[in-house]
Amino acid sequence: VTGLEAIASKLIKSEINGKVTGVTCIGRNGDFEHTIFAPLVIVADGCFSKFRTEFVSRENISVDSHFGGFLIKNCNLPHIGYGHVVLAKPAPILLYQVGPNETRILVDIPGKLPKNMRV
């Protein structure tokens with residue numbers, strides 16, 4: 001396995017069936033361009049995807065929720081080295097260690113964010 005830190009710039013599709021067969025990527029510093037092919041390519045670049053409209057029309061795109069997050073210090077989770085999912089209502093909460101004394105908590109907030117929310 002070779003690790004490569006880069007930004008996907010273009011999807012490569014088969015001329016025969018339109019299936020995505022690879023990706024062209026550029027190094028984070030712009031120092032290289034590389035093309036990678038694979039039998040399975042998964043496009044998972046988030047809700048603000050630059051590739052989404054290649055598969056779904058703009059009219060069908062909606063953002064149904066947002067993550068709010070914060071860090072807490074000196075909070076030990078029950079199972080060190082593992083992420084934790086709390087199945088809460090109305091949405092899940094994610095907790096995981098990001099440092100020896102810091103835990104990140106992400107709360108899924110359904111619907112639109114309030115206009116007066118501080119970022």
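I looked up Thr-24 to begin with: leaving aside residues up to four places away in sequence, Thr-24 touches Ile-7, Ala-8, Ser-9, Lys-10, Ile-12, Glu-33, His-34 and Thr-35. A contact here means heavy atoms within 4.5 Å.

I note that this is a predicted model, in which local features need pLDDT of at least 70 and side-chain atom pairs count only at pLDDT 80 or more, while totals for chains, interfaces and linings use all residues. Residues are numbered from 1 along each chain as its sequence is written, and side-chain values use heavy atoms, with hydrogens and water left out.

**Entry 1: the chain**

I counted 0 helices and 7 strands in the protein chain. Helices are DSSP runs of H or I with at least four residues, strands are runs of E with at least two, and both are numbered from the N terminus. The order from the N terminus is β-β-β-β-β-β-β. The radius of gyration of the protein chain is 19 Å, well over the 14 Å from the globule rule for 119 residues, so the chain is more spread out than a compact globule. That radius is taken over C-alpha atoms, and the rule is 2.2 Å times the number of residues to the power 0.38.

The C-alpha atoms fill a box of roughly 50 × 40 × 25 Å along the principal axes. I found 16% of the 119 residues counted as buried. Buried means under 20% relative accessible area, exposed over 50%, and partly exposed in between, with a 1.4 Å probe and protein chains only. Of the contacts with a separation of 6 or more, 37% are between residues 24 or more positions apart.

Is Thr-24 buried or exposed? I put Thr-24 down as buried, because its relative accessibility is 8%. Thr-24 sits in strand 2, residues 20-27, and 6 of the 8 residues of that strand are buried.

I then checked the neighbours of strand 2. Strand 1 (residues 6-13) pairs with strand 2 in the antiparallel sense over 7 bridges; two strands pair if DSSP finds at least two bridges between them. Within that pairing, Leu-11 stands opposite Val-23. The two strands form a hairpin with 6 residues between them, and Gly-18 in the turn has a positive phi of about 80°.

On the other pairing, 5 bridges join strand 2 to strand 3 (residues 33-37), again antiparallel. Ile-26 stands opposite Glu-33 there. This hairpin has 5 residues between the strands, and Gly-30 takes a positive phi near 70°.

I also looked at His-34, which lies in strand 3. His-34 is partly exposed, with a relative accessible area of 39%. Outside the four places on either side in sequence, His-34 touches Leu-4, Val-23, Thr-24 and Cys-25. His-34 and Ser-9 are 25 residues apart in sequence and 9.9 Å apart in space, C-alpha to C-alpha.

How many bridges join strand 4 to strand 7? I found 9 between strand 4 (residues 65-73) and strand 7, and the two run antiparallel. Lys-73 has Glu-102 as its bridge partner in strand 7.

Strand 7 also pairs with strand 6 in the antiparallel sense, over 6 bridges. Leu-95 has Ile-105 as its partner in strand 7. Strands 6 and 7 form a hairpin with 2 residues between them.

Asn-101 is in that loop, between strand 6 (93-99) and strand 7 (102-110). I read a relative accessible area of 45% for Asn-101, so it is partly exposed. Leaving out residues up to four places away, Asn-101 touches Ile-72, Lys-73 and Asn-74. The C-alpha atoms of Asn-101 and Lys-73 are 5.5 Å apart, with 28 residues of separation in sequence.

I checked Asn-74, in the loop between strand 4 and strand 5. Its phi is near 55°, a positive value in a residue other than glycine. Asn-74 is exposed, with a relative accessible area of 62%.

Which residues does a cis peptide bond join? I found Lys-89 and Pro-90, with omega about 10°. Pro-90 lies in the loop between strand 5 (84-86) and strand 6. For background, most residues other than glycine have a negative phi, and most peptide bonds are trans.
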